[in-house]
Amino acid sequence: MTAQLPEPSPRPVLPGDLRASYDDREAVVEQLRDAAAEGRLDLEELDARLEQALLSKTYAELAVLTADLPKPHSPADQPPLVLKGGMHGASRGPGRWEVPGRVVAHGGMAGVKIDFTRTECRLPEVAVEAYGEMAGVTIVIPDTWAADTNGMDPGIGGLTDKTTPDRLPGNPLIRLTGSGGMAGVVIRHPNRWERRKLRTNPALR
């Protein structure tokens, strides 16, 4: 039996008429659950909307379910994360943390380390400004991420880029700018010791 194609529409297809994917429905489900956890929906409303979300076929049908809820928070809208090494050093990671669209690191007197290996970043790019200053900045990214260091001034300390270009689709690109300063900036994938921790503590937060 030959499959019947949809008849041509008398009007242009609007964005809301497009078919929703599994990921689209799952995103709405998560937003509804978050809204219930914040007290915006009671359990009866949540159950009804969850059922409808799973049955929705288009973007328009999904949009109705969240029209009266605040838009979900986007990491791209976050203020930049600023890390200053100062006299005692600073670090972020290796536990899970939300990655904003921009990160600024000043090595200071004791250095800064930024570890992205356990983050769940959905941004296509993350802008990282690194200033090595007196103690340097170290940036660690997963094997499936890549880095663009063309905008980096090596300074006296230099830039050490040990990353590979093996970026997988859907994974972020680190766009690195700034200056190596006196101590330099290093961007690399996990070393042997860090890989061992990733294997032995996969659920580390």
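Asp68 is exposed, with 52% relative accessible area; exposed denotes over 50% relative accessible area, buried under 20%, and partly exposed the range in between, computed with a 1.4 Å probe on protein chains only. The structure is a predicted model, in which local features require pLDDT of at least 70, side-chain atom pairs count only at pLDDT 80 or more, and totals for chains, interfaces and linings use all residues. Residues are numbered from 1 along each chain as its sequence is written, and side-chain values use heavy atoms, with hydrogens and water left out.

**Salt bridges**

The whole structure contains 9 salt bridges, each defined as a side-chain nitrogen of Lys or Arg within 4 Å of a carboxyl oxygen of Asp or Glu. In general, side chains of opposite charge can pair when their charged atoms come close.

Asp68 lies in the loop between helix H3 (59–66) and strand E1 (81–84), whereas Arg49 belongs to helix H2 (residues 43–55), so the pair ties together parts that are 19 residues apart in sequence. Helices (H or I, at least four residues) and strands (E, at least two) are DSSP runs, numbered from the N terminus.

Apart from neighbours within four places in sequence, Arg49 is in contact with Leu32, Leu41, Leu65, Asp68 and Leu69, where contact means heavy atoms within 4.5 Å.

Salt bridges that share partners join Lys113, Arg188 and Glu194 into one network.

**Chain organisation and dimensions**

The protein chain has 4 helices and 10 strands. Along the sequence, these elements follow the pattern α-α-α-β-β-β-β-β-β-β-β-β-β-α.

The radius of gyration of the protein chain is 22 Å, while a compact globule of 205 residues would have one near 17 Å. The radius is taken over C-alpha atoms, and the globule rule is 2.2 Å times the number of residues to the power 0.38. The C-alpha trace spans about 65 × 45 × 35 Å along its principal axes.

Pro12 is located in the segment before helix H1 (22–37), and is exposed, with a relative accessible area of 65%. Between Pro12 and Thr160 there are 148 residues of sequence separation and a C-alpha to C-alpha distance of 52 Å.

**Burial, contacts and charge**

Of the 205 residues in the protein chain, 37% are buried. Among contacts with a separation of 6 or more, 68% involve residues 24 or more positions apart.

The accessible surface of the protein chain is about 13,000 Å², and carbon and sulfur atoms contribute 54% of that area. Accessible areas come from the Shrake-Rupley method with a 1.4 Å probe; for residues, only the protein chains shown count as cover.

The protein chain carries 25 positive and 28 negative charges, whose mean positions are 9 Å apart. Lys and Arg count as positive and Asp and Glu as negative, while His and the chain ends are not counted. Each charge is placed at NZ of Lys, CZ of Arg, CG of Asp or CD of Glu.
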